[in-house]
Amino acid sequence: MVPDLSVRASEARELMDAPDASAPMLDRTYERFALVNAVVSPWRGLYRRDIRPRARRGPVRLLDIGAGGGDQARALARRLHRDGFSAQVWALDADERAVRWAQAHDATGEVRYRTGSLQELAEAGEFFDVVYSNHVLHHVADAALLPFLEESRRLLAPGGVVVHHDIVRSRGAYALFAAATWPFRTTVLAGSYIREDGLTSIRRSYTVAELKARVPADWEVRARMPARVEARAEAPGARA
Ligand SMILES: C[S@@+](CC[C@H](N)C(=O)[O-])C[C@H]1O[C@@H](n2cnc3c(N)ncnc32)[C@H](O)[C@@H]1O
């Protein structure tokens, strides 16, 4: 049954965010993110549209915010490497459990993992050509959303782009995710928080109109398939 989705369930909490979340369940969740991302996440399009054109102009620095298990950061690092580009890929997560897991499961050695905040990166003088997040906006507390967006943009080098991707809250998205994950709940998704937290995530997520109303005026917000939203902003200027 689809719950009432007319209002954001901003008080709902994902189980993976709890400080006392089960360690084996968390590990399994970080591992299984790769499976979910292979199906729904847009890192290949991001690579073609935003990363590769910048990489063609010279060495690029990428930041994946809320990288979770780090699978997208690793995939992007591998793709850049395969295409012969010089790049630094950073994976940041506020949760040190995620960073520990991602670091321990990185066979590429091509990603720099960090626990911390965007503010700390800015204070350390770090800048990036592409700043990216996936499935993170709905994790951010309501009052922290605007600072989160502004801080992510503050990390851009001249000519850089920040792109935040997320699911949208809709009956279709909820019903589709519930139906698609049901057959796998006792097999590939067993022992993880993917199904339960995924459904909570959709309840916590923004509609496209809600997100449009929350971002600074010069950000662009677009609906993306399937049942997704993208918020983006570009930094003026060109790379030296
Ligand atoms: C649903 S997971 C998504 C992980 C990954 N991006 C993916 O697509 O598989 C959300 C992640 O964002 C992290 N997170 C939430 N708020 C954050 C913030 N303000 N800064 C950095 N990471 C954050 C959480 O700790 C969690 O690992």
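Trainee: Which residue does the side chain of arginine 224 meet in a salt bridge?

Mentor: This is a predicted model, in which local features need pLDDT of at least 70 and side-chain atom pairs count only at pLDDT 80 or more, while totals for chains, interfaces and linings use all residues. Residues are numbered from 1 along each chain as its sequence is written, and side-chain values use heavy atoms, with hydrogens and water left out. A salt bridge requires a side-chain nitrogen of Lys or Arg within 4 Å of a carboxyl oxygen of Asp or Glu. At 3.3 Å from N to O, the partner of arginine 224 is glutamate 230.

Trainee: Is glutamate 230 buried or exposed?

Mentor: Buried means under 20% relative accessible area, exposed means over 50%, and partly exposed lies in between (1.4 Å probe, protein chains only). Arginine 224, at 28%, is partly exposed. Glutamate 230 has a relative accessible area of 1%, and therefore counts as buried.

Trainee: How many residues apart in sequence are the parts tied together by glutamate 210 and arginine 169?

Mentor: The side chains of these two residues meet in a salt bridge at 2.7 Å, N to O. Glutamate 210 belongs to helix α9 (residues 208-214), whereas arginine 169 is in the loop between β5 (156-167) and α7 (171-181), so the parts they tie together are separated in sequence by 41 residues.

Trainee: Which word describes how α2 and α3 lie to each other?

Mentor: Helix α2 (residues 43-55) and helix α3 (residues 71-82) pack at about 45°, with their axes 11 Å apart. Axes are lines fitted to C-alpha atoms, for helices over the stretch in contact, and angles run from 0 to 180 degrees between N-to-C directions. Angles under 35 degrees count as roughly parallel, over 145 as roughly antiparallel, 65 to 115 as roughly perpendicular and the rest as oblique. The arrangement of α2 and α3 is therefore oblique.

Terms used: Helix = DSSP H or I, 4+ residues; strand = E, 2+ residues; numbered from the N terminus.
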